[in-house]
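Here's a quick briefing to read with the model open in your viewer.

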Amino acid sequence: HKAIDGTNHYIEWRSQPYGNLVYAAARDITDRVLAEERILYLSNHDQLTGLYNRHFYELELLKTDLPANLPLSLVMADLNGLKAANDTHGHLVGDKLLKKAAEVMRNKSRAKDIVCRIGGDEFMLILPGTSNRDAEALVRRMEDAMKTAAVDALAVSVACGWATKVHPEEPIEEVFKKAEANMYQKKASR
């Protein structure tokens, strides 16, 4: 309902017939609806970065693992040097690094991509309808953007690994394991 002052409100209507009449009551439930929306948002999003959280990632991966979304690529990204940054510059700087990395990943991904923070310094991207080559191109765009991103003179750097599911019978868990192994191999080489 739009109020006289132009603000929108959620209204709950209750009515009860009584003979030829109808008794009705309206109640403003805007605060309750907004609180429920906030709880839903917090249950699916990481508070620090605003990205989707691990809970959402696990549910969305199951929903996305369909033949219609093949090829389906997964990208695992791990923020390099977070522990060292936290130990030498403090957790506030570490938090800024996480936020900056999340911002770059969100900005470089497409609207249909799902970007999640699944652990302390780990991120996952679910890329429906994305070939291995296109996943690699996305990773390159993110890595290039990270080269110019800095927090308090500290470089923002992530190690990324990716894998692509092309056959419907391939378990998505195996694709995850390949992306993870690829990421750890790249992290070790740096």
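**The β3–β8 pairing**

Strand β3 (residues 72-79) runs antiparallel to β8, with 8 bridges joining the two. Strands here are DSSP runs of E with at least two residues, helices are runs of H or I with at least four residues, and both are numbered from the N terminus. Two strands count as paired if DSSP finds at least two bridges between them. One thing to keep in mind is that this is a predicted model, where local features need pLDDT of at least 70, side-chain atom pairs count only at pLDDT 80 or more, and totals for chains, interfaces and linings use all residues. Residues are numbered from 1 along each chain as its sequence is written, and side-chain values use heavy atoms, with hydrogens and water left out.

**The sheet and its helix**

- Pick Met-76, and you'll find its bridge partner in β8 is Gly-161.
- Zooming out, 4 strands make an open sheet, ordered β4-β5-β3-β8, with antiparallel pairing.
- At the edges sit β4 (114-117) and β8 (158-165), each pairing on one side only.
- From one strand to the next, the twist averages 15 degrees (axes are lines fitted to C-alpha atoms, for helices over the stretch in contact, and angles run from 0 to 180 degrees between N-to-C directions).
- Helix α5 (residues 132-147) packs on this sheet and touches β3, β5 (122-127) and β8, where contact means heavy atoms within 4.5 Å.
- The direction of α5 makes about 165 degrees with that of β8.

**The whole chain**

- In total, the chain has 6 helices and 8 strands.
- Along the sequence they follow the pattern β-β-α-α-β-α-α-β-β-α-β-β-β-α.
- The radius of gyration is 22 Å, whereas a compact globule of 190 residues would come in near 16 Å (taken over C-alpha atoms, with the globule rule being 2.2 Å times the number of residues to the power 0.38).
- The C-alpha trace spans about 80 × 45 × 25 Å along its principal axes.
- Of the contacts with a separation of 6 or more, 60% are between residues 24 or more positions apart.
- Buried residues account for 39% of the 190 in the chain (buried means under 20% relative accessible area, with a 1.4 Å probe and protein chains only).

**A look at Asn-44**

- Asn-44 belongs to helix α1 (residues 30-44).
- Why is Asn-44 counted as buried? Because its relative accessibility is 15%.
- Leaving out residues up to four places away in sequence, Asn-44 touches Leu-51, Tyr-52, Asn-53, His-55 and Phe-56.

Technical notes:
Buried means under 20% relative accessible area, exposed over 50%, partly exposed in between (1.4 Å probe, protein chains only).
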